[in-house]
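Work through the exercises below with the model open. Try each task before reading its solution.

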Amino acid sequence: MSRTHTRHRRSRTLFLAALATVLATSGGTALAVGDSSGGSAATRAAAARVDNPYAGAKPYVNPEWSAKAAAEPGGSAIAKQPTGVWLDRIAAIEGSGDSMGLRDHLDAALQQGAGVVQLVIYNLPGRDCAALASNGELGPTEIGKYQSDYIDPIAAILADSKYANLRIVTTVEIDSLPNLVTNTGGRPTATPECDVMKANGNYVKGVGYALRKLGAVPNVYNYVDAGHHGWIGWDDNFAASAQVMYQAATADGGSVDNVHGFITNTANYSALKENNFKIGDNVNGRSVRESTWVDWNRSVDELSFAQSFRNQLVSTGFSSGIGMLIDTSRNGWGGTARPAGPGATTDVNTYVEGGRYDRRIHIGNWCNQSGAGLGERPRTAPEAGIDAYVWIKPPGESDGSSKEIPNDEGKGFDRMCDPTYGGNPRNGYNLSGALPDAPVSGKWFSAQFRELLKNAYPAL
């Protein structure tokens, strides 16, 4: 028997053990879901998931991140906030060196008495085809290794009956599916790497496989990454991105039932609410959409985008019960640069520029942004259609190195993390706005953490 089949059989055994525990503790409430082995006639019972996994559940605080935050001046003010646990390579599953593995985190969650744990599933073949800083360990064609050596072991651990009472929220493969729309083909933003991933289909296959395998575990809640408004909020990206997400969810016999919701602004900086201008505003007969900053986007902030994109996803074929998450870890934009009110009504640009909270040079800038601050603290059901504001990107962890740094994680050097870089088509050939002296993505960046504290909004 092959190693893949052995692992799958163990996963099924663990799943059934988990099922027995969950059904015993839930009063027997059950629904039928497909067998992830692909057997057309096979079904299995699963405990009914709750509508919002964050409701009434104590969230897990990652002790590794918490210790780093508490060691910074003023960091104790946020060191007990829940953040995402990033499984960004195969070694992260078992843990490497002094780093905790997946079981370590789940065990720690039980010790804390936590009810919900947040994981980031992030290791696609050819990962982040438009951003070298977050490239991964797997080459574009290594879909088999992604499935057997990455997703299968994670699913087996999550299905252990020991963890059956934890609600496990997974953020599935950030910065992947929208790339197939925005950075391919004849577009000026296209990259050869993204064209390869669109042609070989391994983003769609990988996300679809992850959703099926993880979605078969009854206490797992899959949230698919949905970019952010400054990426897919334009007419030519909006519906097309929802279609690609539907394609992935239903790939190889998959179902939209494996998708509990979507998450926007993961590890990004888009302001939650722009209170000083709205998409419907006009100045001297010109729409806000005509301003240089908004540039014909359909949304001006992340909340309005998340709510409108949710409607689009439902109309595309996803369940009307899906919920949205918004990563607010670094989109506060407080401090002395935060505008107190709308800009001058001289023209539409002075109106928007003078009032916008998001102070990035360009909305396409994504790496270690100067001036950013902590955003809204994690909160459950803050707005209609929003399951929670979350801190999936742990504040203080770098987006990428500001110069090339050799590493064994497959992470490259992206000029968008270099503060001297003059840009590319994806940021309108503007300066990157990145902080200097940054380490490799995921490593602790003390200077950034301190700036995030200083510019927090709401203020600490």
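**Exercise 1. A positive phi**

In which loop is the place of Asp175?

Solution. Asp175 sits in the loop between β5 (167–172) and α6. Helices (H or I, at least four residues) and strands (E, at least two) are DSSP runs, numbered from the N terminus. This is a predicted model: local features need pLDDT of at least 70, side-chain atom pairs count only at pLDDT 80 or more, and totals for chains, interfaces and linings use all residues. Residues are numbered from 1 along each chain as its sequence is written, and side-chain values use heavy atoms, with hydrogens and water left out.

Next, the backbone. Asp175 has a positive phi, near 55 degrees, and is a residue other than glycine. Last, the exposure. Buried means under 20% relative accessible area, exposed over 50%, partly exposed in between (1.4 Å probe, protein chains only). Asp175 has 23% relative accessibility, so it counts as partly exposed.

**Exercise 2. Another positive phi**

Solution. Asn284 lies in the loop between β8 (282–283) and β9 (286–287). Its phi is positive, about 50 degrees, although Asn284 is not a glycine. Relative accessibility is 62%, so Asn284 counts as exposed.

**Exercise 3. Surroundings of Asn179**

Find what Asn179 touches and why it counts as buried.

Solution. Start with the element: Asn179 is in helix α6 (residues 179–182). The relative accessible area of Asn179 is 3%, so it is buried. Contact means heavy atoms within 4.5 Å. Leaving aside neighbours within four places in sequence, Asn179 contacts Cys129, Ala130, Thr184, Cys194 and Trp231. Then look at the side chain. A polar contact of 2.6 Å links Asn179 to the side chain of Asn183. (A polar contact is a pair of N or O atoms within 3.5 Å; within protein, one must be able to donate a hydrogen and the other to accept it, and residues adjacent in sequence count only if both atoms are side-chain atoms.)

**Exercise 4. A glycine in a loop**

Describe the setting of Gly115.

Solution. Gly115 is in the loop between α4 (102–112) and β4 (116–121). Its relative accessibility is 15%, so Gly115 counts as buried. Not counting residues up to four places away in sequence, Gly115 touches Ala57, Lys58, Asn165, Leu166 and Arg167. Ala55 is 60 residues away along the chain, yet the C-alpha atoms of Gly115 and Ala55 are separated by 9.6 Å.

**Exercise 5. A hairpin**

How many bridges join β11 to β12?

Solution. Strand β11 (residues 379–383) and strand β12 (residues 386–390) are joined by 3 bridges and run antiparallel. Two strands pair if DSSP finds at least two bridges between them. One of the pairs is Thr380 with Ala388 in β12. The strands form a hairpin with 2 residues between them. In the turn, Gly385 has a positive phi of about 80 degrees.

**Exercise 6. Helix packing**

At what angle do α8 and α10 pack?

Solution. Helix α8 (residues 202–215) and helix α10 (residues 235–249) pack at about 55 degrees, with their axes 7 Å apart. So α8 is oblique to α10. Angles under 35 degrees count as roughly parallel, over 145 as roughly antiparallel, 65 to 115 as roughly perpendicular and the rest as oblique. Axes are lines fitted to C-alpha atoms, for helices over the stretch in contact, and angles run from 0 to 180 degrees between N-to-C directions. Val204, Val207, Gly208 and Leu211 in α8 meet Gln247, Ala248 and Ala249 in α10.
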